[in-house]
Amino acid sequence: MRQRTLGRTGIPVDAVTVGTSSLGRGTIAGSAGETAAVATALAFLAGPFAVIDTANEYAGGRSETVLGLARAAAASEPVARVFTKVDRDPETGRFDRDRVMRSFEESCERLGVDTVDVLHLHDPYSVTFSDAMSAGGAVEALRELRDAGRASAIGIAAGPIPLMTAYADTGAFDVLLSHNRFTLVDRSAQPLFELARARGMGVFNAAPFGAGVLATGARPGASYGYRPAGAELIAWVGRVERICADFGVSLQATALQFSLRSPLVDSTVVGVSSAHRLDELVELARTPVPDEVWPRIEEEGPAPTTIDDGEATA
């Protein structure tokens, strides 16, 4: 994978970043399940992609714990870097300065690090935008951590585009991460990514398969953006799937290349659940998609996306 720089940060990333939201889920310390999860994490760390994405809350903290164990097992071997996210208190929903500091220290302890390259504010839905930006708020803590050298860059990672745009427009962040909103199905993140580019921010585009139908194909019961896809969207994806087949390429490869080929995206975050899936991802990333495919897909018109972000920012 060709490396590129994450916006103005100077931090190198690959075209693909490995997502680990399910890593270690349901495992117990010292169990056979944990051992297997650590082996998977070692494959990720030693794999072809330079960055792994996690978060304080992923798998109830087990994602970071397993990654930390794998990092320790790798010892002095060169490994991928880990970017993480601070999360609200899982019991109270509190997401102020103090919670950000605690969340960060929890992550550092699990990962076995003192600093991170990228630290995101993750899904700040339990607080209003104004509270997060105020004195004593979550963003103040992120700035403190960056100023202290504990985080090289700070980011905002969430879903709704109006909320993401409000945070990006403050100029407080170096990086952003959006999910499910810049895919073959949904292009609603494009103005956000253009804003980020204009501000010199780094851009992660997560979930290029829409967490469902663009990976599974047009089948009954498919989902998009964690919601049922619906008959119209499944039919639209079925037509795109046939276009891809006409040109000898898979829907999955086309969905991934849609993000990889965009000049608005620095790195595409793809959730990976096993070493085998990592190998499959490598092959998809290497699969060329004929130029003729893209105008044929555009002829199908906008897809009936399941996502409706509305206008609220708080």
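Two strands count as paired if DSSP finds at least two bridges between them. Strands (E, at least two residues) and helices (H or I, at least four) are DSSP runs, numbered from the N terminus.

I am working with a predicted model, where local features need pLDDT of at least 70, side-chain atom pairs need 80 or more, and totals for chains, interfaces and linings use all residues. Residues are numbered from 1 along each chain as its sequence is written, and side-chain values use heavy atoms, without hydrogens and water.

**Barrel.** I looked up the pairing of β9 (residues 202-206) first. Strand β9 pairs with β12 in the parallel sense, over three bridges. Phe-204 has Ser-267 in β12 as its bridge partner. I then traced the closed barrel: eight strands, β3-β4-β5-β6-β7-β8-β9-β12, with parallel pairing.

**Pocket.** I took a pocket as an open set of points on a 1 Å grid over the protein atoms alone, where a 1.4 Å probe fits, with protein on both sides within 12 Å along at least five of seven lines; lining residues have an atom within 4 Å of a point. The volume is the space filled by probe spheres set on the points, which are joined across faces, edges and corners. For the largest pocket I noted about 1,000 Å³. It has 37 lining residues, and those closest to its centre are Ser-21, Ala-207, Ala-211, Val-270 and Gly-271. Helix α11 gives the most to this lining, four residues.

**Cysteines.** I searched for disulfides, pairs of cysteine sulfur atoms within 2.5 Å. The count is zero. I also checked Cys-244: its relative accessible area is 0%, so I logged it as buried (under 20%, 1.4 Å probe, protein chains only). Cys-108 is buried too, at 4%.

Key:
Buried < 20%, exposed > 50% of the residue type's maximum accessible area, 1.4 Å probe, protein only.
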